[in-house]
Amino acid sequence: MKKFLIPLLAVFIIIGCSSDDDAVVATDNDPDIDTPDAPVGQAIIRISDVDAIADEVTLTNLGNASTDIGDYFLCLGPGTYAQVSGLTSEATTLAPNETITVSYDVNPTADGLGVFATNTFDSSDPTVLLDYVQWGDVNQPRVDQAVTAGRWDSADNFVGDGSPYAFTGGATDVGSTFWVGTATSSIVRIFQVDTDTDEVTLFNFGNASVDVGSYFLCLGPGTYAQISNIATGSTTIAPDGMITIPYDMNPANDGLAVFSTNTFGSSDPSILLDYVQWGAESQARSDQAVAAGRWDNVANFVAIGSPYNFTGGAQDVGVTFW
């Protein structure tokens, strides 16, 4: 019997050792086995676009973790700030690569915008002053703090051209090198004609201020006036701004053109800037206006009933938009 028991015992020992080896599995619960830590996520909130004409600011999360920016602040300078949650009705939690656009009143000519994680607006701590951009001119109110915080390159650097201003860099890029503006332009259009009060309102749909003092209002041959001679105040129109000018017109029917020079026979759209006719077709400058792309058809006119109001945008022309 002993001869049979010894080999059998050896088989059991071999099987038992083999099973134990197979059962060794590395788990996070095993204190003797090291496992790598999961990467820690970080949200990186940057200004990605500033539309100074529409008064809109876009913020983007360039990090790898979500964060709620509702308690953050946009700040233009001392006493001029607003909490993000008060500027939008949308959810303020941004996932990685997600953006949000909020309404915020900025100066279209020149300004400097900071994003703060708290209302400690005099801070240069980069965990508080998260991002910054200035446009139009140097040395905006928070720029020194932004440079100290590493959120802008130099107080003497700003984004040129006009609005909108777009960020072209990545999560770690700061300064004017990574921002581009839009080529500046002024787009002057007739916005309202009130033949009862003999007043014309001009509107600037462009992204740059323009002095219209050298421009002319013209009703036809021999009937024109330079704006600087009839305006009662400043003749400079800011982007998204307007001026109202006194000018004697026929309430029954007439056709009004705006010329950038006194070349009144021109159909060059850089000279004949805009046109509207009311009460009857084929007013004096209508053929030129159609040729210049400033009116749709000589037979089209706005029906009688002053004031006449323009309802279109920068590129819209013709009776449809009156």
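**Strand pairing, cores and selected residues in a predicted model**

Val 50 stands opposite Tyr 165 in β10. The model is predicted, so that local features need pLDDT of at least 70 and side-chain atom pairs count only at pLDDT 80 or more, whereas totals for chains, interfaces and linings use all residues. Residues are numbered from 1 along each chain as its sequence is written, and side-chain values use heavy atoms, with hydrogens and water left out.

The secondary structure of the chain comprises 4 helices and 21 strands; helices (H or I, at least four residues) and strands (E, at least two) are DSSP runs, numbered from the N terminus. Strands β1 and β10 pair in the antiparallel sense over 2 bridges, where pairing requires that DSSP finds at least two bridges between two strands. Strand β10 is also joined by 3 bridges to β11 (residues 179–182), again with antiparallel direction. Within this pairing, Ala 166 has Val 180 of β11 as its bridge partner.

A separate description applies to an open sheet of 4 strands, which has the order β18-β13-β12-β21 and antiparallel pairing. Its edge strands, each pairing on one side only, are β18 (242–246) and β21 (308–309). Strand β12 (residues 188–194) runs antiparallel to β21 and is joined to it by 2 bridges. Gln 192 has Asn 309 in β21 as its bridge partner.

The largest nonpolar core contains 40 residues. Such a core is a set of buried Ala, Val, Leu, Ile, Met, Phe, Trp, Tyr and Cys residues joined through side-chain atoms within 4.5 Å; buried means under 20% relative accessible area, exposed over 50%, and partly exposed in between (1.4 Å probe, protein chains only). The residues with the most contacts inside this core are Ile 47, Leu 59, Leu 74, Tyr 104, Leu 113, Val 133 and Trp 135. Elements that give two or more residues to the core include β1 (45–51), β9 (129–135), α2 (143–148) and β10 (162–167). The largest share, 5 residues, comes from β9. Val 133 touches Ile 47, Val 50, Asp 111, Gly 112, Leu 113, Trp 152, Val 159 and Trp 179, residues up to four places away in sequence not being counted; contact means heavy atoms within 4.5 Å. Apart from this core lies another, of 38 residues, among them Leu 202, Met 249, Leu 256 and Val 258.

Arg 189 is placed in strand β12 and is buried, because its relative accessible area is 3%. The side chain of Arg 189 makes a polar contact with the side chain of Asp 274 at 3.0 Å. A polar contact is a pair of N or O atoms within 3.5 Å; within protein, one must be able to donate a hydrogen and the other to accept it, and residues adjacent in sequence count only if both atoms are side-chain atoms. Beyond its neighbours within four places in sequence, Arg 189 is in contact with residues including Leu 202, Phe 203, Asp 274 and Phe 310.

Ser 85 lies in the loop between β5 (80–83) and β6 (93–94). With a relative accessibility of 38%, Ser 85 counts as partly exposed. The C-alpha atoms of Ser 85 and Tyr 72 are separated by 7.9 Å, the two residues being 13 residues apart along the chain.

Over the 322 residues of the chain, 41% are buried.
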